[in-house]
Structures are given as structure tokens and as C-alpha cells.
Amino acid sequence: MTVDGLRVRTGPGTASGVTGLIYQGDEVQVLDWTNDRTGQRWNQVMLTRDSGGGLPGGYVGWVTDSYLYRS
């Protein structure tokens with residue numbers, strides 16, 4: 001599955017508000033993680049630099065684990 005951008009949320013889960021998007025190539029540092037009530041893993045991430053979606057470097061938010069690439 002491909003996506004145009006990965007939604008960055010205020011908390012873990014799809015019920016949390018969307019604050020912006022990150023795109024392929026945007027680098028993040030995983031700070032923490034949790035599973036939602038359905039078992040989906042969510043990562044709390046910090047952007048290492050400004051994102052293609054306009055979020056500033058250092059911004060902290062939550063993204064689903066399904067679309068993160070680990071090098």
C-alpha cells in the first residue's frame with residue numbers, strides 16, 4: 001500500500017487529532033511506543049529536521065508503525 005503522506009497525530013490512535021504530515025525521506029527518532037486497543041502499534045516520534053509536510057524539526061507527535069522504515 002502506498003500513501004501520499006503519513007499523518008502525525010497528537011496521541012496514539014486514529015481518534016487523536018492530525019497535526020501534519022511526514023513523507024518518505026523525512027527522518028524521525030522514535031522516542032516511545034504503545035499499542036492501541038486494537039493492537040496497532042503507535043510510535044511517538046521527533047522530527048530530526050523540518051518535514052516535507054511543513055512540521056518543524058524537533059516536533060513530537062504520534063504515527064502508526066505500519067509505514068515507518070528502519071535503517
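Trainee: Which strand gives the largest share of the lining of the second largest pocket?

Mentor: Strand E1, residues 6-9, with 3 residues. Keep in mind that this is a predicted model. The lining has 11 residues, and Leu6, Arg7, Arg9, Thr64 and Tyr67 are the ones that lie nearest the pocket's centre.

Trainee: What makes a residue such as Leu6 part of that lining?

Mentor: A lining residue has an atom within 4 Å of a point of the pocket. Leu6 is among the 11 residues of this lining, so it passes that cut-off. The pocket's volume is about 200 Å³.

Trainee: How do the residues of that lining divide by type?

Mentor: Into 5 nonpolar, 4 polar and 2 charged. Arg7 and Arg9 are in the lining, and Arg counts as charged.

Trainee: And what about the largest pocket, how much space lies in it?

Mentor: About 570 Å³. Its lining has 18 residues, with Gly25, Asp26, Tyr67, Leu68 and Tyr69 nearest the centre. Strand E3, residues 28-35, gives the most to that lining, namely 3 residues.

Trainee: Why are E3 and E4 called a pair of strands?

Mentor: The cut-off is at least two bridges. E3 and E4, residues 41-47, have 7 bridges in the antiparallel sense, so they count as paired. Two examples: valine 30 has valine 45 as its bridge partner in E4, and aspartate 32 stands opposite glutamine 44. In the hairpin there are 5 residues between the strands, and glycine 39 takes a positive phi near 95 degrees.

Trainee: How do you know that E4 pairs with E5 as well?

Mentor: Same test. Glutamine 44 stands opposite tryptophan 62 in E5.

Trainee: Why is asparagine 43 called buried?

Mentor: Buried means under 20% relative accessible area. Asparagine 43 has 0%, so it is buried. This residue lies in strand E4. Leaving aside neighbours within four places in sequence, it is in contact with residues including Val30, Trp33, Trp62, Val63 and Leu68.

Trainee: What makes the link between asparagine 43 and arginine 41 a polar contact?

Mentor: Their side chains are joined at 3.3 Å.

Trainee: Is serine 51 buried or exposed?

Mentor: Its relative accessible area is 9%, so serine 51 is buried. Its place is in the loop between E4 and E5.

Trainee: Which backbone atoms does the side chain of serine 51 reach?

Mentor: A polar atom of that side chain lies 3.4 Å from the backbone oxygen of leucine 21. The side chain also reaches the backbone nitrogen of glycine 53 at 3.1 Å. Both distances are within 3.5 Å, so they count as polar contacts. Not counting residues up to four places away in sequence, serine 51 touches Leu21, Ile22 and Asp26.

Definitions and conventions:
Residues numbered from 1 in each chain as written. Predicted model: local features only at pLDDT ≥ 70, side-chain atom pairs only at ≥ 80, totals over all residues. Heavy atoms only, no water. 1 Å grid on protein atoms, 1.4 Å probe; cavity = no way out; pocket = protein on both sides within 12 Å on 5 of 7 lines; lining within 4 Å. Points joined across faces, edges and corners; volume = space filled by probe spheres on them. Helix = DSSP H or I, 4+ residues; strand = E, 2+ residues; numbered from the N terminus. Buried < 20%, exposed > 50% of the residue type's maximum accessible area, 1.4 Å probe, protein only. Polar contact = N/O pair within 3.5 Å; in protein donor to acceptor, adjacent residues only side chain to side chain. Contact = heavy atoms within 4.5 Å.
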